[in-house]
Amino acid sequence: MPQITPSGNLIICEGEFVNLTASLGSSYQWFFNGSPIEFPSSGNPNVMVSITNRQSIDVNTAGSYTVKVFNSQGCSSVISTPVVISVNPSPILTVTGSQIIYVAKNAVINWPQVSSNSGAVSWYYNGNLLTSLPSTLNNTGVFTYTAVSTNGTCYSSETVIVHVYDDAGCPPE
């Protein structure tokens with residue numbers, strides 16, 4: 001019986017891929033939820049075929065994957081044990097307000113509102129988790145803050161860039 005070896009975790013995040021590799025053979029027939037997967041023919045990319053020389057495939061759709069392996073005489077194996085891929089959705093962050101802020105040194109910062117469909121939003125500065133966003137900044141410069149929301153191992157992020165200018169109204173360089 002052929003084996004399928006996944007390159008990593010069987011639970012992936014939306015937009016990620018996992019590579020599936022079948023036992024060695026001469027050709028392969030891959031299945032998704034019991035139906036053959038079709039690939040462009042190596043001789044004519046406009047023709048789709050279900051038997052291919054692809055020992056490995058990259059997948060990003062939740063479901064059950066199996067494979068039949070053919071030897072050089074064209075004899076096929078039984079279908080492999082299924083490998084089941086699960087896909088978790090990435091959270092969706094919604095930003096209300098400007099993500100680029102210009103503010104004078106020591107002036108109150110009008111932060112945008114950031115919400116997530118998966119719950120809490122965490123803020124980071126220079127990779128460090130913040131307990132709250134600063135209401136003012138007393139140094140001139142350009143500062144990048146990152147809002148992050150997670151759903152299991154999946155995450156989404158948005159950045160807010162704060163340009164702090166000096167008392168004379170000159171923007172940071």
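**Close-up views of a predicted model**

**View 1. S41 and its contacts.** Leaving aside neighbours within four places in sequence, S41 touches V47 and V49. The model shown here, as in every view, is predicted. S41 sits in a loop. That loop runs between strand β6 (39–40) and strand β7 (48–49). Is S41 buried or exposed? Its relative accessibility is 19%, and S41 counts as buried. The cut-off for buried is under 20%.

**View 2. The disulfide of C13 and C154.** How many disulfides does the count give? The count comes to one. Its partners are C13 and C154. Their sulfur atoms lie 2.2 Å apart. The angle about the S-S bond is -100°, and the link is left-handed. C13 belongs to strand β2 (residues 11–13), while C154 belongs to strand β18 (residues 154–165). The pair therefore ties together parts that are 141 residues apart in sequence. Both cysteines, C13 and C154, are buried.

View 3. Partly exposed covers the range between the buried cut-off, under 20%, and the exposed cut-off, over 50%.

**View 4. An open sheet of five strands.** The strand order is β13-β18-β17-β15-β16. The pairing is mixed. Which strands stand at the edges? They are β13 (100–104) and β16 (128–130). Each has a single partner strand, so one side of each is left without a neighbour in the sheet. Neighbouring strands in this sheet are turned by 35° against each other on average, direction ignored.

**View 5. Where β13 meets β18.** Strands of a sheet pair through backbone hydrogen bonds, and they do so either parallel or antiparallel. Which way do β13 and β18 run? They run parallel. Five bridges join the two strands. A104 stands opposite Y165, a residue of β18.

**View 6. The ring pair of F32 and Y65.** The count of aromatic pairs comes to five. One of the pairs is F32 with Y65. A pair of aromatic rings is described by the distance of the centres and the angle of the planes. For F32 and Y65, the centres are 5.0 Å apart. Their planes meet at 45°, so the pair is tilted. F32 lies in strand β4 (residues 27–32), and Y65 lies in strand β10 (residues 63–70). The pair therefore ties together parts that are 33 residues apart in sequence. How does the accessibility of each ring residue come out? F32 has 24% relative accessibility and counts as partly exposed. Y65 has 3% and counts as buried.

**View 7. An aromatic cluster.** Which residues form the cluster? They are W111, W123, Y125, F143 and Y145. Together they make one aromatic cluster.

**View 8. The protein chain around the close-ups.** The protein chain has zero helices and 18 strands. Its C-alpha atoms fill a box of roughly 80 × 35 × 25 Å, taken along the principal axes. What is the radius of gyration of the protein chain? The value is 25 Å, whereas a compact globule of 173 residues would have one near 16 Å. Of the 173 residues, 29% count as buried. Take the contacts between residues at least 6 apart in sequence: 57% of them join residues at least 24 apart.

Technical notes:
Residues are numbered from 1 along each chain as its sequence is written. This is a predicted model: local features need pLDDT of at least 70, side-chain atom pairs count only at pLDDT 80 or more; totals for chains, interfaces and linings use all residues. Side-chain values use heavy atoms; hydrogens and water are left out. A disulfide is a pair of cysteine sulfur atoms within 2.5 Å. Helices (H or I, at least four residues) and strands (E, at least two) are DSSP runs, numbered from the N terminus. Buried means under 20% relative accessible area, exposed over 50%, partly exposed in between (1.4 Å probe, protein chains only). Two strands pair if DSSP finds at least two bridges between them. Axes are lines fitted to C-alpha atoms, for helices over the stretch in contact, and angles run from 0 to 180 degrees between N-to-C directions. Rings of Phe, Tyr and Trp (its six-membered ring) pair if their centres lie within 6.5 Å; planes under 30 degrees apart count as stacked, over 60 as edge-to-face and the rest as tilted. Contact means heavy atoms within 4.5 Å. The radius of gyration is taken over C-alpha atoms; the globule rule is 2.2 Å times the number of residues to the power 0.38.
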